[in-house]
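We'll walk through it together, one spot after another.

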Amino acid sequence: MSKLSQIIGSSRKIVIKIGSNVLSTETGTVNNQLLHNIVEQSCQLMKLGKQVIIVSSGAGICGVGAINKWERRGDINYKQALCAIGQVELMMAYKEYFADFDVHVAQMLLTREDFNDPTRTLNIRNTLFTLVDEGVVPIINENDSVSVEEIKIGDNDTLSALAANLWNADLLVLLSDIDGLYDKDPKSNGDARLIEEIHGADRLLEEIDVRGTSSFGTGGIVTKIEAARKVNSYGIPMILLNGKKMNILLDAMREKETGTVFLGK
Ligand code: ADP
């Protein structure tokens with residue numbers, strides 16, 4: 001059995017992070033079919049006795065879908081306002097799709113600062129445990145209206161890692177628009193090779209720091225490696241899968257798909 005399938009199969013508490021690229025179509029609208037499929041997969045995992053927490057990006061895209069004329073407004077106020085509008089749309093979609101499987105959802109909007117305050121952290125932890133124990137799926141997103149600096153793609157990688165550590169998850173799954181971690185960015189390098197297993201993301205980051213953004217990893221992939229480092233230090237494995245593929249989680253569990261597994265040293 002592959003490491004990937006073994007890890008998904010044996011993990012009970014799973015945090016699934018969905019990247020904004022996953023949820024958007026080429027025309028910049030929300031891919032509802034795919035979102036429904038991810039919800040369905042989550043429910044199937046729950047039927048297998050697993051517990052699921054979702055960390056979802058995509059509020060911005062949903063906002064554009066709702067108020068199209070703001071799309072080109074680049075200033076931060078409009079971006080934040082768009083996320084506030086889109087968050088409602090996003091949650092409406094989750095609520096509707098999970099209801100198809102008789103599952104309730106709960107919204108939790110957090111910032112990085114919430115994790116630096118012991119009282120807030122305890123409250124987040126208690127809420128998460130209570131929701132999950134009652135069979136409700138918490139859907140976490142960053143509270144964009146109050147976190148100016150963090151309004152950028154990839155930050156939910158960090159948020160999902162913090163949530164996984166706080167909840168004592170068995171596994172963090174990042175769903176992105178790429179099959180896994182490559183030795184270089186596959187979008188600009190046709191010969192890039194997929195790395196199926198990484199031991200010690202620490203060393204990987206050192207490599208990137210040294211080489212900057214030149215050959216290995218730019219933008220979004222760096223926060224994913226950082227997320228791996230964070231959860232690995234708590235003994236939690238992380239996997240990176242292509243969330244754009246239908247049934248990816250279940251197929252990876254059944255050894256029909258590959259991805260990258262990040263393990264501790
Ligand atoms: P998400 O919205 O899912 O968080 P991002 O766009 O932030 O995704 O990050 C994923 C992107 O990182 C990929 O689409 C890919 O183009 C880019 N990338 C850069 N270097 C690498 C690499 N070495 N391996 C995989 N992807 C990489």
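Predicted model: local features only at pLDDT ≥ 70, side-chain atom pairs only at ≥ 80, totals over all residues.

Residues are numbered from 1 along each chain as its sequence is written, and side-chain values use heavy atoms, with hydrogens and water left out.

Let's start at the ligand. There are 21 residues around it, and Asn21, Ser176, Asp177, Lys187 and Lys224 come nearest (a residue belongs here if one of its heavy atoms lies within 4 Å of the ligand). Sorted by class, this shell holds 7 nonpolar, 8 polar and 6 charged residues. Here Ala, Val, Leu, Ile, Met, Phe, Trp, Tyr, Cys and Pro count as nonpolar, Asp, Glu, Lys and Arg as charged, and the others, Gly among them, as polar.

Now zoom in on the ligand's oxygen atoms. A side-chain N or O atom of Lys187 sits 2.6 Å from a ligand oxygen, a polar side-chain atom of Asp177 is 2.7 Å from one, and for Asp185 the distance is 3.0 Å. The protein covers 94% of the 580 Å² of accessible area that the ligand has on its own (Shrake-Rupley method, 1.4 Å probe).

Next, helix H1 (residues 3-10), where Leu4, Ser5, Ile7 and Ile8 are buried. Buried means under 20% relative accessible area, exposed over 50%, and partly exposed in between (1.4 Å probe, protein chains only). These four lie on the same side of H1, because they cover an arc of only 165° around the axis, taken from the directions from the helix axis to the C-beta atoms. The buried residues of H1 pack against strand S1 (13-18), S5, strand S9 (238-242), helix H10 (248-253) and strand S10 (260-263), where contact means heavy atoms within 4.5 Å.

Is Asn165 buried or exposed? At 10% relative accessibility, Asn165 counts as buried. It sits in helix H7 (residues 155-166) and, leaving aside neighbours within four places in sequence, touches Lys230, Val231, Tyr234 and Ile236.

Finally, Ala84 in helix H5 (residues 76-99) is partly exposed, at 40%.

Note on methods
Polar contact = N/O pair within 3.5 Å; in protein donor to acceptor, adjacent residues only side chain to side chain. Helix = DSSP H or I, 4+ residues; strand = E, 2+ residues; numbered from the N terminus.
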